[in-house]
Amino acid sequence: MNNRLTESTAWKALEMHFRELRDLSLRTMFVQDPGRSERFSVKDQGILFDYSKHRITDQTLSLLFQLAGERGLAEKIEAMFSGEKINITENRAVLHTALRAPKGSAIMVDGHNVVPDIHEVLEKMAGFSNQIRSGAWKGYTGKPIRNIVNIGIGGSDLGPVMAYEALKFYTQRNLTFRFVSNIDGSDFTEAVHDLQAEETLFIVASKTFTTLETMTNARTARSWLLEKLQNGQAVARHFVALSTNEKEVSEFGIDTRNMFGFWDWVGGRYSMDSAIGLSTMIAIGPDNFYSMLEGFHRMDEHFRHTPFERNIPVIMGLLGIWYIDFFGAMTQAILPYDNYLKRFPAYLQQLTMESNGKYVTLDGERADYNTGAVYWGEPGTNGQHSFYQLIHQGTSLIPCDFIGFRTSLNPLPLHQDYLVANMIAQGEALAFGKSADEVKKENVPDSLVPHKVFEGNRPSSTFFMEKLTPEYLGKLVAMYEHAVYTQGVVWGINPFDQMGVELGKVLAMKIIPELQDVQKAVSHDGSTNNLIRYYRG
């Protein structure tokens, strides 16, 4: 295999194919190929994945699959699942898939089967969750816990927040859940504003128990609690830790028996189904959490064993490469037509952009092609009344993912029909648009015709499922996880480190004392020095 992507046989063939295809319209493709929608769709895992509204032909797919083959995707999928240390920059295995492996499975890391360890943590989480949900766990004053505040950042926050909002229908409603991540004091202050300390449990999520933002908020939470309850022993009844640093957890005042561990082969943005999901399990209950894990696992098995031609995450990932590297489309819209998924686009921002936002390849060279699109979005139909204008008539090509469900969890009369009709209509409008002749037939004045023309030819995928359940949420998240890996393999980058987030943190630690001591000399660039002096006053 040629290690240089742009010199590979399939890449060069795709470049030639793109020049032939780029001006072909979806209107023409559908007219010439009546069976297109059936051929360019996959029904598996209870998901209808319709990708027929993409600017592709059979040849496009064939070349993309060839590209995946040349880049060794099948072998690298197996390497990930088998526990090889594919995170080469940190010399770690990448085994978020092990977090949802069934009990009795065997997945080896350095000669050790990690599955029993995983299920031991899950069982401990389940026991604790049941205590909180039943009221058996009492706070320091003897009152049951009614408020749960998750303190984390990055994957330790985005995953739990997204899962809580997505599965709110299934939550125990006599419990209140809040999430604190921002080091901005307003985030913590508003989160606890109306809470009673004696009924509040804080979950502190930090693998090292040293993360600046998380531990700053955790110490503030401890101070808040002690101010209310006036006894240091209260900390042990009102704090639990999601961490691997027993010494720091103990020094904080948390009983290490209430510490839930995880492993260095789980990246933060892939960790919502580990101990990081404790708040999720408390909210929806262990049975629903296990159902979510089953959904993850089923999509894992689909990705691992399904031929590329019917493999949903593989096709998703390759389509993304097609638009990013050949059409120059640098953003991807995520448009869930279910309000419970309102935080799903934000969750995917970290999953996708922290994973593949890299210009350095695995061999240390700078990529001479684009990697990593900007992911963004809002739920439908809200987005239709804000940014859809740009998607339909803007100058940027923005591929869209529509996510919808046949059955509403809250079936009010007409609502679901109107919601789904809008989702289907948006995909149709993006693909086929509205020509000048069609506009003129509506007796529109000539001067307004150009303004009412929709060029169309704007690509989208539609993911249709029966109902938003914990299992389907697991499938959705795993689907995007594996699409990200597919792209990382083809681009030859490491989707499992995040070194790009480190420099700003290091510089912040230098600037903090400079902000606090007005006499301290500053020696940055002119702009940074001026900003520091302005803050000092």
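Analyst: Helices (H or I, at least four residues) and strands (E, at least two) are DSSP runs, numbered from the N terminus. By that numbering, L99 is found in the loop between helix 5 (73–81) and strand 3 (108–109). Residues are numbered from 1 along each chain as its sequence is written, and the model is predicted, so local features need pLDDT of at least 70 and side-chain atom pairs count only at pLDDT 80 or more, while totals for chains, interfaces and linings use all residues. Side-chain values use heavy atoms, with hydrogens and water left out.

User: Why does L99 count as buried?

Analyst: The relative accessibility of L99 is 1%. Buried means under 20% relative accessible area, exposed means over 50%, and partly exposed is in between (1.4 Å probe, protein chains only).

User: Which residues does L99 touch?

Analyst: Contact means heavy atoms within 4.5 Å. Not counting residues up to four places away in sequence, L99 touches I118, L122, W263, W265, V266, Y270, D273, S274 and L293. Q131 is 32 residues from L99 along the chain, and their C-alpha atoms are separated by 23 Å.

User: What makes I148 and N258 buried?

Analyst: I148, in strand 5 (residues 147–151), has 1% relative accessibility and therefore counts as buried. N258 sits in the loop between helix 11 (246–252) and strand 9; with a relative accessible area of 11%, N258 is buried too.

User: What do I148 and N258 have around them?

Analyst: Beyond four places in sequence, I148 touches I132, L175, T176, F177, R178, L201, I203 and I282. I148 and A283 are 135 residues apart in sequence, yet 9.1 Å apart in space, C-alpha to C-alpha. With neighbours within four places left aside, N258 is in contact with W137, A236, V240 and A241. One of these, V240, is 18 residues from N258 in sequence and 5.3 Å away in space, C-alpha to C-alpha.

User: What makes D58 and R39 a salt bridge?

Analyst: Side chains of opposite charge can pair when their charged atoms come close. A salt bridge is a side-chain nitrogen of Lys or Arg within 4 Å of a carboxyl oxygen of Asp or Glu. For D58 and R39 the closest N and O atoms are 3.0 Å apart, and the pair forms a salt bridge. D58 lies in helix 4 (residues 58–70) and R39 in helix 3 (residues 36–39), so the pair ties together parts 19 residues apart in sequence. D58, at 41%, is partly exposed, and R39, at 35%, is partly exposed as well.

User: How many salt bridges does a search of the whole structure find?

Analyst: The search finds 26. Among them, E471 and R298 meet at 3.0 Å, N to O. E471 lies in helix 20 and R298 in helix 13 (residues 286–305), so this pair ties together parts 173 residues apart in sequence. Shared partners join R4, E7, E365 and D368 into one network of salt bridges.

User: What makes helix 4 roughly perpendicular to helix 14?

Analyst: The axes of helix 4 and helix 14 cross at roughly 105 degrees and come within 10 Å. That angle lies in the 65 to 115 range, which means that helix 4 is roughly perpendicular to helix 14. T60, L64, F65 and A68 in helix 4 meet I315, L318 and W322 in helix 14.

Methods: Axes are lines fitted to C-alpha atoms, for helices over the stretch in contact, and angles run from 0 to 180 degrees between N-to-C directions. Angles under 35 degrees count as roughly parallel, over 145 as roughly antiparallel, 65 to 115 as roughly perpendicular and the rest as oblique.
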